[in-house]
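Open your viewer and get ready to click along. We will go stop by stop, with something to select at each one.

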Amino acid sequence: MKKLLWLLSLLIVAACSEGETEEPYTVEDAREDGHVIVEHQSEQFDQIKNGALGVENIKEMTAFIKNVEQGAEDDLDVSIFNPDGSHYQNSFSYDGEAIRFVNNYGAYPSSPAGTFSCEYMTRRGPMVYVSNCQSEQGKDFSTLLSFVATEKAFRETGN
């Protein structure tokens, strides 16, 4: 009986220590890490694309696009926060030949979650697209929506 009580005590202690959770990643964490920050004010894409979002540090995105156009290696992290506080981190890197787009968000139309190797990056209005992409599984995508901001945010960067 003593062995059974000892075993139960050990299991309870182990279960309690397993229950500790990490603090959620916050907007302040993303600021400290130098990410481009997108805070959706809606879950609906039609509202997001029409400006229901806040954007910070967008100069990093415009610099990344410019570096890709000039053939200069670069990388960039984007933190997306939904109204419920959930966080998604997307990343871009450019090695002078291909753009690697790691899409953890996956909720923009025609842009599934996954890792893609792409040839081109273009900004059209408040949206940034990558094109001529291939997923890690070998599936081809002509164009993926990779970033949404506002025209005003882009204008304020002077680009």
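## Getting your bearings

Colour the chain from the N terminus on, and you will see its elements run α-α-β-α-β-α-β-β-β-β-β-β-α. In total the secondary structure comes to five helices and eight strands; helices (H or I, at least four residues) and strands (E, at least two) are DSSP runs, numbered from the N terminus.

Two notes before you select anything. This is a predicted model, in which local features need pLDDT of at least 70 and side-chain atom pairs count only at pLDDT 80 or more, while totals for chains, interfaces and linings use all residues. Residues are numbered from 1 along each chain as its sequence is written, and side-chain values use heavy atoms, with hydrogens and water left out.

Now colour by pLDDT, the predictor's confidence in each residue, from 0 to 100. The protein averages 89, and 86% of the residues score at least 70. Select residues 1-18 next: their pLDDT is below 50, and beyond near neighbours in sequence this stretch has zero contacts in the model. Contact here means heavy atoms within 4.5 Å.

## Stop 1: strands side by side

Select residues 74-81 and 87-94. These are strands β3 and β4, which pair in the antiparallel sense over eight bridges; two strands pair if DSSP finds at least two bridges between them. Look for Asp-74, which stands opposite Tyr-94 in β4. The hairpin of β3 and β4 has five residues between the strands, and Gly-85 there takes a positive phi near 95°.

Carry on to β5, which pairs with β4 in the antiparallel sense over four bridges. Click Ser-93 and find its bridge partner in β5, Arg-100. Four residues lie between β4 and β5 in their hairpin, where Gly-96 in the turn has a positive phi of about 95°.

Strand β5 (residues 99-103) then pairs with β6 in the antiparallel sense over five bridges. Here Asn-103 stands opposite Gly-114 in β6. One more step brings you to β7 (residues 127-135), joined to β6 in the antiparallel sense over eight bridges. Two residues separate the strands of this hairpin, and Gly-125 takes a positive phi near 65°.

## Stop 2: a loop residue

Where is Ala-113? It lies in the loop between β5 and β6. At 52% relative accessibility, Ala-113 counts as exposed (buried means under 20% relative accessible area, exposed over 50%, partly exposed in between, with a 1.4 Å probe and protein chains only). Not counting residues up to four places away in sequence, Ala-113 touches Asn-103 and Gly-106.

## Stop 3: a buried strand residue

Now select Phe-101, found in strand β5. At 0% relative accessibility, Phe-101 counts as buried. Leaving aside neighbours within four places in sequence, its contacts include Phe-92, Phe-116, Val-130 and Leu-144.

## Stop 4: rings together

How many aromatic pairs does a search of the whole structure find? There are eight; rings of Phe, Tyr and Trp (its six-membered ring) pair if their centres lie within 6.5 Å, with planes under 30 degrees apart counted as stacked, over 60 as edge-to-face and the rest as tilted. Show Phe-116 and Phe-141: their ring centres are 5.3 Å apart and their planes at 90°, so the pair is edge-to-face. Phe-116 lies in β6 (residues 114-124) and Phe-141 in β8 (residues 140-148), so the pair ties together parts that are 25 residues apart in sequence. Both of these residues are buried.

## Stop 5: the core

Finally, show Met-61, Val-78, Phe-92, Met-121, Val-130, Phe-147 and Val-148. These have the most contacts inside the largest nonpolar core, which has 35 residues; such a core is a set of buried Ala, Val, Leu, Ile, Met, Phe, Trp, Tyr and Cys residues joined through side-chain atoms within 4.5 Å. In soluble globular proteins, nonpolar side chains tend to be buried together. End on Val-148: leaving aside neighbours within four places in sequence, its contacts include Val-38, Phe-45, Ile-48 and Tyr-108.
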